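What follows is a reading guide for someone meeting this model for the first time. It moves from helices to a loop and then to single residues.

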Amino acid sequence: MTPKEVLKFAEKHGAKMVDFRFIDFPGIWQHISMPISRLTEDIFTEGYAFDGSSIRGWQPIHASDMAYVPDPKTAKMDPFFEVPTLVLLCDIVDPITYQPYSRDPRNIAKKAEAYLRQTGVADTCFFGPEAEFFIFDDIRFDSTINSGYYFIDSVEGRWNSGREEFPNLGYKPANKGGYFPVPPVDSLQDIRTEMTLILHEQLGIPMEAQHHEVATGGQCEIDMVFSTLTDMADKLCWYKYVIKNVARKHGKTATFMPKPLYGDNGSGMHCHQSLWKTEKPLFAGDKYGGLSEAALYYIGGILKHASAICAFSNPGTNSYKRLVPGFEAPVNLAYSSRNRSAAIRIPIGTSSPKSRRLEFRTPDPSCNPYIAFAAMMMAGLDGIVNKINPGDPLDKDIYSLSPEELKDVPSAPGSLEQALGALRKDHDFLLKGDVFTRDVIDMWIEWKTENEINPVRLRPHPYEFSLYFDI
């Protein structure tokens with residue numbers, strides 16, 4: 001849409017308010033609303049000023065002024081607000097020079113796509129994330145000087161099989177038993193359908209399928225049709241927004257936290273990706289798994305830089321409660337056709353060249369999609385440009401391999417601190433084309449260290465009292 005078309009779109013749908021949205025550095029949607037009369041064509045070039053020092057990881061107080069500029073191509077009507085409201089996603093700029101802000105995640109994603117075209121290797125990078133999440137019925141948590149706890153509950157939780165529910169009707173998925181029996185064991189079918197149809201019909205985001213996932217306690221997955229890098233990151237923001245608001249409407253709560261439950265599967269976000277040029281797929285060929293040489297080099301780049309990528313694709317301390325060796329999470333940095341125990345899987349779909357892609361299984365849905373997608377593509381592109389050989393595929397059950405067989409298979413980082421350390425050493429591939437800047441990388445490491453790693457490290461863990469109190 002053009003700015004003029006956006007104004008007509010708003011009028012057609014009876015919009016009385018306009019909601020401007022952008023994503024902060026760690027990955028949370030922010031917004032501000034105004035009467036629709038404030039929206040003019042000039043706003044699409046001039047934008048509005050705001051306080052950048054109040055946004056996490058952005059400006060210092062002495063240089064706080066920033067501006068958000070709406071992107072007319074992103075116009076949609078909000079599906080939840082009582083008053084008809086137009087939503088526009090925004091890019092962040094310097095209010096004086098109007099240059100794009102280096103720490104704006106959406107700007108990083110757009111620069112990544114521009115750099116891809118600049119290289120001549122391809123003109124389009126497609127992403128298809130499979131974001132898993134939990135729907136709970138109750139969540140309580142707190143951390144004080146003398147206490148720290150969390151309590152999760154779900155009508156589906158296997159831990160409630162003996163609870164008095166007047167009556168307790170059973171039908172609670174067993175641990176690792178949620179993939180995927182029909183209702184009444186799956187109690188969330190109608191809620192997921194409502195989420196799917198809001199995304200598909202009201203917001204125009206093409207959807208593929210929805211289903212219950214492996215874990216007890218309400219783990220779910222809804223899949224979107226693949227799209228280009230920045231557009232898919234935009235859609236993933238809408239996806240999270242819809243899922244959380246539909247859950248809340250039904251008196252439930254949704255979380256994309258990677259590992260909220262002990263002893264059952266965590267939530268990952270397997271990322272399907274492929275490169276195209278002049279509307280032709282570049283990953284189809286006669287090499288392993290039906291891939292092209294370029295696709296194998298792309299895999300080589302991701303495997304080489306995987307530990308640094310994890311700083312963005314698995315960005316929380318909780319991410320590494322999921323990425324634990326010896327369990328089902330894809331921590332072993334290998335690739336394989338059809339093998340879901342490898343960090344990179346080559347999906348076997350139809351024989352169509354258009355379906356040839358790779359699936360990077362290590363990421364989780366707590367990431368900022370703009371930054372994470374950009375980092376993955378930059379790593380893959382580095383693999384193509386430098387012809388990084390991914391080595392031989394690993395067509396075995398990785399979890400059954402002996403220590404001798406596993407010793408040459410590298411692993412993903414075991415903690416956020418290790419991932420940030422890898423990023424500190426390995427980030428030159430991200431700086432190409434000025435896609436990421438040293439300022440972005442330095443601030444990411446600083447923010448994560450000071451606001452996440454250190455606060456978690458300094459607090460006693462509840463389980464430590466079980467281990468050590470009576471020593």
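Predicted model: local features only at pLDDT ≥ 70, side-chain atom pairs only at ≥ 80, totals over all residues.

## A bent helix and its surroundings

Of the 21 residues of helix α6, 17 are buried, so this helix is largely enclosed by the rest of the structure. Helix α6 covers residues 293-313, and whereas a straight helix of 21 residues would span 30 Å at 1.5 Å a residue, the end C-alpha atoms of α6 are only 25 Å apart. Along its course α6 also bends, by about 75°, and the place of that bend is A306.

## Two helices packed together

How are helices α10 and α12 oriented where they pack? Helix α10, made of residues 416-425, and helix α12, made of residues 438-458, pack at an angle of about 160°, and their axes lie 10 Å apart. An angle over 145 degrees counts as roughly antiparallel, which means that α10 is roughly antiparallel to α12. The crossing of these two helices is left-handed. On the side of α10 the contact is made by L416, E417, L420, L423 and R424, while α12 contributes I441, W444, I445, K448, T449, E452, I453 and R457.

Helix α12 also holds E446, a residue that counts as partly exposed because its relative accessibility is 37%. The C-alpha atom of E446 is separated by 9.4 Å from that of L420, although the two residues are 26 residues apart along the chain. L420 itself is one of the α10 residues that make the contact with α12.

## Backbone features in the loops

The loop between β9 (148-153) and α4 (189-202) contains P167, and P184 is placed in the loop between β9 and α4 as well. Each of these prolines takes part in a cis peptide bond: one joins F166 and P167, with omega about 0°, and another joins P183 and P184, with omega about 15°. The loop between β9 and α4 is also where Y171 lies, and Y171 has a positive phi of about 55° although it is not a glycine.

Another residue with a positive phi is K387, where the angle is about 50° although K387 is not a glycine either. K387 is found in the loop between α8 (369-385) and α9 (403-406), and K387 is exposed, because its relative accessible area is 58%.

| Residue | Relative accessibility | Contacts beyond four places in sequence |
|---|---|---|
| D234 | 7%, buried | T74, L89, R106 and Y370 |
| H211 | 14%, buried | Y179, F180, R192, C220 and E221 |

Buried means under 20% relative accessible area, so D234, at 7%, counts as buried, and H211, at 14%, is buried too. For D234, one of the contacts is with Y370, a residue that is 136 residues away in sequence, while the distance in space between D234 and Y370, C-alpha to C-alpha, is 8.0 Å. The contacts of H211 include R192 and E221.

Note on methods. Residues numbered from 1 in each chain as written. Heavy atoms only, no water. Helix = DSSP H or I, 4+ residues; strand = E, 2+ residues; numbered from the N terminus. Expected span 1.5 Å × (residues − 1). Bend = angle between axes of the 7 residues up to and from the residue. Buried < 20%, exposed > 50% of the residue type's maximum accessible area, 1.4 Å probe, protein only. Axes fitted to C-alpha atoms, helices over the stretch in contact; angles between N-to-C directions. Parallel < 35°, antiparallel > 145°, perpendicular 65-115°, else oblique. Left-handed = near helix turned anticlockwise from the far one by under 90°. Contact = heavy atoms within 4.5 Å.
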